Amino acid sequence: MTNNNNISNNKKKLWNTKFTQLFSSHHLRVPIMGAPMAGVSGGKLAAAACRAGAMGFIAAGHFNNEESRIHLEREIQIFREDIVRVLWVLLQQVILIMKYLEREIQIFREDTTSNNNSEVSSGAALLAIGFIGHSLCPKQFEQQVLQKHRPDVVQFFAPAVIHNFGTNNNIAIAKSYGAKVMAQIGTASEAQEAMDAGVDIIICQGSPEAGGHGVRLELGTGTLSLTSHVVSMVQQQASPPPVVLAAGGIVDGRGLAAALALGCDGVAIGTRLWASTEARGSASLKQALVDAQSPDDVVRSIVFDTIANTYSSTPWPEPFDSSGTLRNNTTKEWEAAEIGESREAALFVTELKAAQYKEATRIGDPTITAVYAGKGVGQIQSIEGAYDIITRMEQEAVEIMDTKLRSLLPSAI
């Protein structure tokens, strides 16, 4: 269990945004969600985010076979067991206090019978699962996820809206089971399509700043511009308007405060939570995130999918076949090839290169394989517990809005 004593609780707030309001019955207190990162966001990371009052996601990845089903089942079980374990520890602490403080016993009883205001309870913890759209199996999704686990929230991207998805589109099917639906988009046209499909939440992923997969750089827009535009879109066109979250390059409270100033209802963070103790994945790739120095160390490129698609059973299609990653030997070689005449994938990706990349991915060699990272990676100084990361991010945002922004307001003359 993560040590939660490193960050004080004196600046925790009950945030009032459309995002927190939408999930108030589940005790979503902080307008932050952990992005569902395939191979990274498992049950432990999701539970840790929930403990901090945020929304934690389990990434289903390419959910289209028996192996992916077994993986998701395991992570959901880990999530539920971790939530219950934390509650048991908290209960033991309460019992010890009750033995010595009779007055607190009465306060506790009155409080628990009149109002449940804990950060998370086993019945209220949000089960949120993210899916990659282009490889999602409709029948398996409906039977093995919606019917069996009844998730509170599902997120789709690449693409966010899947037409001819079984008997309907994916948004309508998920909502028919009572789930709130998130759509991660990278363009204004994708946002419009998601709105037309009736999504509850739109995540605006800024292509240049974001880590991981997203639309190609030439098609995408920066976090600031895209988010501002989508906020205006939903206000003008939708009733009721969906919740809007910003994503891409956000790693601290400054990013959260900036997103709220744009009119967003919260943020989605990925890279910062990958550099956490609860995140799954290679330790060497996590350390590469800490070692990165600045935004200059990050590039969005199609090189990694150009290579991996030659052997993958679930190749990434255009325009989602690009990734925000740390620069390394592979990106340098690709950039050099683009300067010359050998840009075609058939010329760049040899059988030997594909084999070397596959092995580097298996062993976690950051000099060759993709290290997914957003432009905010230079602000990451260490690998910490997700609870502490989110709590510090909240406190930083509160400090900015309580003092720094207030000091900029003109005084009365």
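**Entry 1: the chain as a whole**

I looked up burial and found that 53% of the 413 residues of the chain count as buried. I note here that the model is a predicted one. For the secondary structure I recorded 16 helices and 11 strands. I then turned to contacts between residues at least 6 apart in sequence, of which 72% join residues at least 24 apart. The chain exposes about 19000 Å², and carbon and sulfur atoms supply 52% of that area.

**Entry 2: the sheet**

I traced an open sheet of eight strands, with parallel pairing. The strand order I wrote down is β1-β9-β8-β6-β5-β4-β3-β2. Which strands form the edges? They are β1 (32-34) and β2 (58-61), each of which pairs on one side only. From one strand to the next, the twist averages 25 degrees.

Helix α7 (residues 188-197) lies across β5 (180-185) and β6 (201-205), and its direction makes an angle of about 165 degrees with β5. Helix α8 lies across β5, β6 and β8 (243-247); relative to β8, α8 runs at about 175 degrees.

**Entry 3: arginine 216**

I located arginine 216 in the loop between β7 (212-214) and α8 (223-237). Is arginine 216 buried or exposed? I classed arginine 216 as buried because its relative accessibility is 16%, and the cut-off for buried is under 20%. The side chain of arginine 216 makes a polar contact of 2.7 Å with the side chain of aspartate 321. Leaving aside neighbours within four places in sequence, I listed the contacts of arginine 216 as Ser207, Ile302, Glu318, Pro319, Asp321 and Ser322.

**Entry 4: lysine 286**

I found lysine 286 in helix α11 (residues 283-291). With a relative accessible area of 8%, lysine 286 is therefore buried as well. I checked tryptophan 274, which stands 12 residues from lysine 286 along the chain; the C-alpha atoms of the two are separated by 6.8 Å. Which residues does lysine 286 touch, not counting those up to four places away in sequence? I recorded Trp274, Ser276, Thr277, Ala279, Arg280 and Ile383.

Key
Residues numbered from 1 in each chain as written. Predicted model: local features only at pLDDT ≥ 70, side-chain atom pairs only at ≥ 80, totals over all residues. Heavy atoms only, no water. Helix = DSSP H or I, 4+ residues; strand = E, 2+ residues; numbered from the N terminus. Buried < 20%, exposed > 50% of the residue type's maximum accessible area, 1.4 Å probe, protein only. Polar contact = N/O pair within 3.5 Å; in protein donor to acceptor, adjacent residues only side chain to side chain. Contact = heavy atoms within 4.5 Å. Pairing = 2+ DSSP bridges. Axes fitted to C-alpha atoms, helices over the stretch in contact; angles between N-to-C directions. Areas by Shrake-Rupley, 256 points an atom, 1.4 Å probe, with all protein chains shown as cover.
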